[in-house]
Amino acid sequence: MAAEAHFIETIIGVGILLFAAKIMAELFLRLKLPIVLGELIAGMVIGPFALGAYIVGSGGVSLVNINNEIKILGEIGAIVILFMAGLEMTPKEFLKGGKASFTVGTLGVVVPFAVGLIVFQMFGFDALQSMLIATALTATSIAISVQVLSEFGKLKSTEARLIIGAAVVDDILAIAVLSVVISIANGPGGVDSIDISDVTIKILQVLGFFAAMLIAAVWIMPKVITPRLWKAKGSVEGIATASFFGAAALAGSIGLSPIVGAFAVGMALSTTKVFEKVENYAHQIGLIFAPLFFAIIGAQVDFRQVNAEILYLSGIVIAIAIATKLLGCGLPAMMFLKSKSKGMKVGIGMISRGEVGLIVAGVGVASGILTSSVYSTIVIMVAVTTIITPVWLKIEYKKEQRQEGAEPQANNLP
């Protein structure tokens, strides 16, 4: 009976979150605001730390409880979103932007980490605490930016391709940094046990694993998923789903973020004969999993513990989070794209943080290195940057549309 009650709790929670996400999506569409922002706020409003606390069942238990099963569904949503993003970029296009993507993505990790490490040591945090907070500042939550770019029909634009490519590099490097910092945190010697050669080898291993996975996916996927082999209704879609889940699992098992594996399979399928069928299918499942993903992220934000100290520290962390991505990603993007406005969009698109930040916060608290107030600060930073990104990107694209509308009129003047 307990297992059955837990199952019912899960499906009720999913139903409420999805319903709230779509209600807010409709509202934000009418207000001409990013839909993804509405879905995020829906989670915050209906989550267990807000109105959800008052939505109780017969036993007095909250009906909106973010249990492990719901969190897993959220992770599946992220995998689906990144698979869809991979379908929008061919391997040739990804490699073509390799130099720009690698530079922007690398600086998007190095600059936030270095600034965070220096600033938080100045504020009195020890080296290991500062390293953990700095690591939380590194990884971009690409799912947020992809959804906004998709909303505007800009996924095939030059800045969108750079954002996606750089965010993948960013995510890979951030995972490498995270694995190194966690090993230091769990090691007997702490910061004193750092060996630069070991750190370098770990990062190169992660990069090598991704390169091998991408090559394997590009070589294997077109041979496995072909209309010549799969003729029954739904077979192509089913095998594609099994493939990107399998690649996500493989990526996770070797220390990468699972979304990187799904992205690689999406790219591998972008040039196959089944592309159109798989793309239509992916967008259909995305209609469910994408809003659920954003609502679940929002529902995990707990504002009840916020006090003056946390707000002060959060302000500093958020300022660093925004400034370092704009500088680390936006400036080099301007040089590569030879456009100030497009480079600015790349910088903005890289601002939102996500899973890595939350993982770092969880590891830090569990190991006793970070206090609960620092944990709350990191969660607030993730929430605020996630909200800022879609709003700011929309403002930039609206500005671009107004400028494009004004140019033809100027050209018609005598």
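Start by selecting Leu82, Ile142, Ala167, Val168, Asp171, Ile259, Val260 and Phe263: together they line the largest cavity. A cavity here is a set of points on a 1 Å grid over the protein atoms alone where a 1.4 Å probe fits but cannot get out, and lining residues have an atom within 4 Å of a point. This is a predicted model, where local features need pLDDT of at least 70 and side-chain atom pairs count only at pLDDT 80 or more, while totals for chains, interfaces and linings use all residues. Residues are numbered from 1 along each chain as its sequence is written, and side-chain values use heavy atoms, with hydrogens and water left out.

**Around the cavity**

The space inside comes to about 40 Å³, a volume being the space filled by probe spheres set on the grid points, which are joined across faces, edges and corners. Searching the whole structure turns up 2 cavities of 30 Å³ or more. Colour the lining by class and you get 7 nonpolar residues, no polar ones and 1 charged. For that colouring, Ala, Val, Leu, Ile, Met, Phe, Trp, Tyr, Cys and Pro are nonpolar, Asp, Glu, Lys and Arg are charged, and the others, Gly among them, are polar. Helix H8 (158–186) and H11 each give at least two residues to this lining.

**Next, H11**

Select residues 258–269. Helices are DSSP runs (H or I, at least four residues; strands are E, at least two), numbered from the N terminus. The end C-alpha atoms of H11 are 17 Å apart, which agrees with the 16 Å that its 12 residues should span at 1.5 Å a residue; the expected span is 1.5 Å times one less than the number of residues. H11 is largely enclosed by the rest of the structure, because 11 of its 12 residues are buried. Buried means under 20% relative accessible area, exposed over 50%, and partly exposed in between (1.4 Å probe, protein chains only). Among the buried ones are Ile259, Val260 and Phe263, which you have already met in the cavity lining.

Go to Thr10, in helix H1 (residues 2–30). Thr10 is buried, at 9% relative accessibility. Its side chain makes a polar contact of 2.9 Å with the side chain of Asn67. A polar contact is a pair of N or O atoms within 3.5 Å; within protein, one must be able to donate a hydrogen and the other to accept it, and residues adjacent in sequence count only if both atoms are side-chain atoms.

Now pick Asn65, in the loop between helix H2 (35–46) and helix H3 (68–87). Asn65 is partly exposed, at 30% relative accessible area. Its side chain joins that of Glu9 through a polar contact of 3.3 Å. Beyond neighbours within four places in sequence, Asn65 is in contact (heavy atoms within 4.5 Å) with Glu9 and Ile70.

**Last stop: the end of H13**

Leu337 sits in helix H13 (residues 308–337) and is partly exposed, at 22%. Show the C-alpha atoms of Leu337 and Glu159: they are 178 residues apart along the chain but separated by 7.6 Å. Residues touching Leu337 include Thr158, Leu162 and Val346.

Step on to Lys338, in the loop between H13 and helix H14 (340–349). Lys338 is exposed, at 74%, and its phi is near 55°, a positive value in a residue other than glycine.

Notes:
On a 1 Å grid over the protein atoms alone, a cavity is a set of points where a 1.4 Å probe fits but cannot get out, and a pocket is an open set with protein on both sides within 12 Å along at least five of seven lines; lining residues have an atom within 4 Å of a point.
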